[in-house]
Amino acid sequence: MMIASAHIIGGGALGGAELFYIRLVNALQARGCPILAINVAGSQVSARLRPETTQIHVAMRGIWDWWSRWRIGAILRERQPDIVQTYLGRATRLTHLPPGRRPIHVARLGGYYDPRRYRHAHAWIANSPGIRDHLIQHGFPSNRIFHISNFVAPCHPSPATDLRQLRQELALPDDALIVTTVGRLHPVKGFDDLLEAFAAVPDHIHERPVHLIIVGDGPQARGLKCYTEQLGIARRVHWPGWRDDPGRFQELADLCVCSSRQEGLGNVILEAWARQRPVLSTAAPGLQEVIADHEDGWLTPIGDPPALAAAMERLLRDEALRRELAANGYRTLLIRHGEEVIVSAYLELYDRLLGM
């Protein structure tokens with residue numbers, strides 16, 4: 001039996017949840033599953049779905065957008081999918097379905113969000129064991145919470161000319177050793193710790209200048225840039241801002257770093273592995289559940305810039321170790337976070353829920 005599912009998201013910018021929505025909807029569509037995508041008109045999300053995907057656009061201007069709540073309900077009554085899957089708080093709050101009959105409302109969580117926004121769903125998917133535990137601790141029924149990770153497809157290398165152009169855009173020396181990090185410039189990402197750590201790393205290793213690229217934007221942007229001035233590293237830190245192609249900056253990297261104090265899963269880890277790049281990360285909840293320390297990545301304590309600096313320097317000095325971590329990370333991606341594995345897990349869960 002082909003299971004019909006509707007997928008609802010209210011965001012338009014390409015954050016982690018939006019990118020996963022695109023990947024999952026496209027993968028289900030490629031398998032021939034009946035799909036209805038409900039999203040915001042003119043959004044980057046809508047533009048990146050396969051052209052044959054049925055889309056209906058709803059404004060979803062906020063959690064109190066009563067017209068959008070009514071519109072979503074009307075669409076679902078008309079279309080009658082078996083499963084309705086919502087992403088993030090806005091779409092989940094605007095979707096209210098009666099329990100005990102179809103469609104079954106599944107809320108997907110990729111972070112430690114306020115559980116009150118999700119309690120009315122019929123079942124929940126957590127993309128990490130930590131998020132699953134978070135829901136159980138808040139009284140959600142454990143037999144209706146399921147852990148399914150994210151997937152990221154392996155990436156074809158960008159043309160060398162494109163990467164050279166990107167280096168020139170950032171005014172990076174041709175022989176630079178490059179550290180790249182990607183994320184919203186928010187306190188939870190620990191970028192202040194990363195800058196303090198980077199300041200403790202020698203400015204040249206093996207006679208090559210060491211540079212840091214921070215891809216993203218957010219409320220800490222101004223303060224972090226000022227902090228680089230205080231640390232005396234401003235000329236070696238590059239700020240491309242928010243980009244819809246952050247993976248290209250990871251491709252430039254000799255080392256990808258995640259300094260987060262908390263993560264749901266850490267899509268940036270999977271994205272780096274997909275580009276066969278070595279990963280250094282904090283042992284934040286979510287990240288330590290993905291990375292096998294010293295095997296497919298390197299972990300350091302949360303909020304410990306000296307430890308982060310020592311690990312960064314060690315990995316930048318040891319090219320063979322970086323190659324080993326990158327190869328092992330790529331293997332982990334294929335085995336545990338491959339498209340076939342994750343999409344099959346979703347379809348098996350849908351079938352299971354419909355039989356409960």
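**Labels and the values behind them**

Mentor: Start with a loop. Glu207 sits in the loop between β9 (204–205) and β10 (208–215). Keep in mind that this is a predicted model.

Trainee: Why is Glu207 called exposed?

Mentor: Its relative accessible area is 73%. Exposed means over 50%, so Glu207 is exposed. Its backbone deserves a note too: Glu207 is not a glycine, yet its phi is positive, about 65 degrees.

Trainee: Leu88 also has a positive phi without being a glycine. What is the value, and where is Leu88?

Mentor: Phi is near 70 degrees. Leu88 is in helix α4.

Trainee: What makes Leu88 partly exposed?

Mentor: The relative accessibility is 23%. Buried needs under 20% and exposed needs over 50%. Leu88 falls in between, so it counts as partly exposed.

Trainee: And why is Ser344 called buried?

Mentor: Its relative accessible area is 16%. The cut-off is under 20%, so Ser344 is buried. This serine lies in helix α13.

Trainee: What makes the pair Ser344 and Arg31 a polar contact?

Mentor: Their side chains are joined at 3.0 Å. The limit for such a pair of N or O atoms is within 3.5 Å.

Trainee: Stay with α13. Why are α1 and α13 described as roughly perpendicular?

Mentor: The axes of α1 (residues 16–30) and α13 (residues 339–355) cross at roughly 75 degrees. The range for roughly perpendicular is 65 to 115 degrees, so the label applies to α1 and α13. The two axes come within 11 Å.

Trainee: Which residues make that contact?

Mentor: From α1, Phe20, Leu24, Ala27 and Leu28. From α13, Glu339, Val343, Tyr346, Leu347 and Tyr350. By class, the contact has eight nonpolar, no polar and one charged residues.

Trainee: How do you know that α11 and α12 are roughly perpendicular?

Mentor: Same test. The axes of α11 (residues 305–317) and α12 cross at roughly 100 degrees, coming within 5 Å. The angle lies in the range 65 to 115, so α11 and α12 are roughly perpendicular. On the α11 side the contact uses Arg314, Leu315, Leu316 and Arg317. On the α12 side it uses Glu319, Leu321, Arg322 and Leu325. These residues divide into four nonpolar, no polar and four charged.

Trainee: How do you know that the length of α3 agrees with its residue count?

Mentor: Helix α3 (residues 66–79) has 14 residues. At 1.5 Å a residue, it should span 20 Å. The end C-alpha atoms are 20 Å apart, so the span agrees.

Trainee: Which elements cover the buried residues of α3?

Mentor: They include β1 (5–9), β2 (35–39), β3 (54–57) and β4 (83–87). Among the buried residues are Ile72, Gly73 and Leu76. Just after α3, Gln80 takes a positive phi of about 55 degrees.

Trainee: What makes α10 mostly covered?

Mentor: Helix α10 (residues 267–274) has eight residues, and seven of them are buried. They include Asn267, Glu271 and Trp273. The cover includes α1, α9 (246–252), β12 (255–258), β13 (279–282) and α12 (319–336). Gln276 follows α10, with a positive phi near 55 degrees.

Trainee: What makes the bond between Arg102 and Pro103 cis?

Mentor: Omega is about 0 degrees. Pro103 is in the loop between α4 (88–93) and β5 (104–109).

Methods
Residues numbered from 1 in each chain as written. Predicted model: local features only at pLDDT ≥ 70, side-chain atom pairs only at ≥ 80, totals over all residues. Heavy atoms only, no water. Helix = DSSP H or I, 4+ residues; strand = E, 2+ residues; numbered from the N terminus. Expected span 1.5 Å × (residues − 1). Buried < 20%, exposed > 50% of the residue type's maximum accessible area, 1.4 Å probe, protein only. Contact = heavy atoms within 4.5 Å. Axes fitted to C-alpha atoms, helices over the stretch in contact; angles between N-to-C directions. Parallel < 35°, antiparallel > 145°, perpendicular 65-115°, else oblique. Nonpolar A, V, L, I, M, F, W, Y, C, P; charged D, E, K, R; others polar. Polar contact = N/O pair within 3.5 Å; in protein donor to acceptor, adjacent residues only side chain to side chain.
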